[in-house]
Amino acid sequence: MFIASSISPELPVQEWVVTTSAVMLGLAVLCVFVRFSLGPRTPDRIVAFDLLASLVIASLLLTGIATGSAFYLQTTLGFALVLFLSTVALARYLDRPGGGDS
């Protein structure tokens, strides 16, 4: 309890963790956009896009924690399934001859 009270006396621990996580997710999104724009090859951009979608999933979970709503968890599960299928489809596209040339 001493550590939590020394962080910020006016913010409860859960709000502090949610706020800190949101800032870290925002910084990660900025880094992903840099990788997406500077990626010299198609696989680099696909990995950046996949990471961006994973960060969207993490932000949905964070929003669910902040609001206490179970709706965000259900949305996250559906989005994660679509993300997995799209990643497999893009990997198969790159695996074929001439798929990743650019």
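Reader: Which residues of α3 are buried?
Author: In this predicted model, the buried positions of α3 are Asp 44, Ile 46, Ala 48, Leu 52, Ala 53, Leu 55, Ile 57, Leu 60, Leu 62 and Gly 64.

Reader: And what covers the buried residues of α3?
Author: The cover includes α2 and α4.

Reader: How far does α3 reach, end to end?
Author: α3 spans 37 Å from its first C-alpha to its last, with 26 residues. That is close to the 38 Å expected at 1.5 Å a residue.

Reader: What comes just after α3?
Author: Gly 68, which takes a positive phi of about 75°.

Reader: Over to α2. Which of its residues are buried?
Author: Val 18, Leu 25 and Val 32 are the buried residues of α2. What covers them includes α3.

Reader: What does Val 18 touch?
Author: Leaving out residues up to four places away in sequence, Val 18 touches Leu 62, Ile 65 and Ala 66.

Reader: Which residues make up the largest nonpolar core?
Author: There are 7 of them: Val 18, Leu 25, Val 32, Ala 48, Leu 52, Leu 55 and Leu 62. The elements that give two or more residues to this core are α2 and α3.

Reader: Which element gives the most?
Author: α3, with 4 residues. As a rule, nonpolar side chains in soluble globular proteins tend to be buried together.

Reader: Now α4. Is Thr 76 buried or exposed?
Author: Thr 76 lies in helix α4, residues 71–95. Thr 76 counts as buried because its relative accessible area is 5%, and buried means under 20%.

Reader: What does Thr 76 touch?
Author: Its contacts are Ile 57, Leu 60 and Leu 61, not counting residues up to four places away in sequence.

Reader: What about Leu 77, buried or exposed?
Author: Leu 77 also lies in helix α4. Leu 77 is exposed, because its relative accessibility is 58% and the cut-off for exposed is over 50%.

Reader: How far apart are Leu 77 and Ile 57?
Author: In sequence, Leu 77 and Ile 57 are 20 residues apart; in space they are 8.6 Å apart, C-alpha to C-alpha.

Reader: Where is confidence lowest, and where highest?
Author: Lowest in helix α1, residues 2–7, with a mean pLDDT of 50. Helix α2, residues 13–38, has the highest, at 91. Where pLDDT is low, the predicted coordinates should not be read in detail.

Reader: What is the average for the chain?
Author: The chain averages a pLDDT of 84, and 84% of the residues score at least 70.

Note on methods:
Residues are numbered from 1 along each chain as its sequence is written. This is a predicted model: local features need pLDDT of at least 70, side-chain atom pairs count only at pLDDT 80 or more; totals for chains, interfaces and linings use all residues. Side-chain values use heavy atoms; hydrogens and water are left out. pLDDT is the predictor's confidence in each residue, from 0 to 100. A nonpolar core is a set of buried Ala, Val, Leu, Ile, Met, Phe, Trp, Tyr and Cys residues joined through side-chain atoms within 4.5 Å. Buried means under 20% relative accessible area, exposed over 50%, partly exposed in between (1.4 Å probe, protein chains only). Contact means heavy atoms within 4.5 Å. The expected span of a helix is 1.5 Å times one less than its number of residues.
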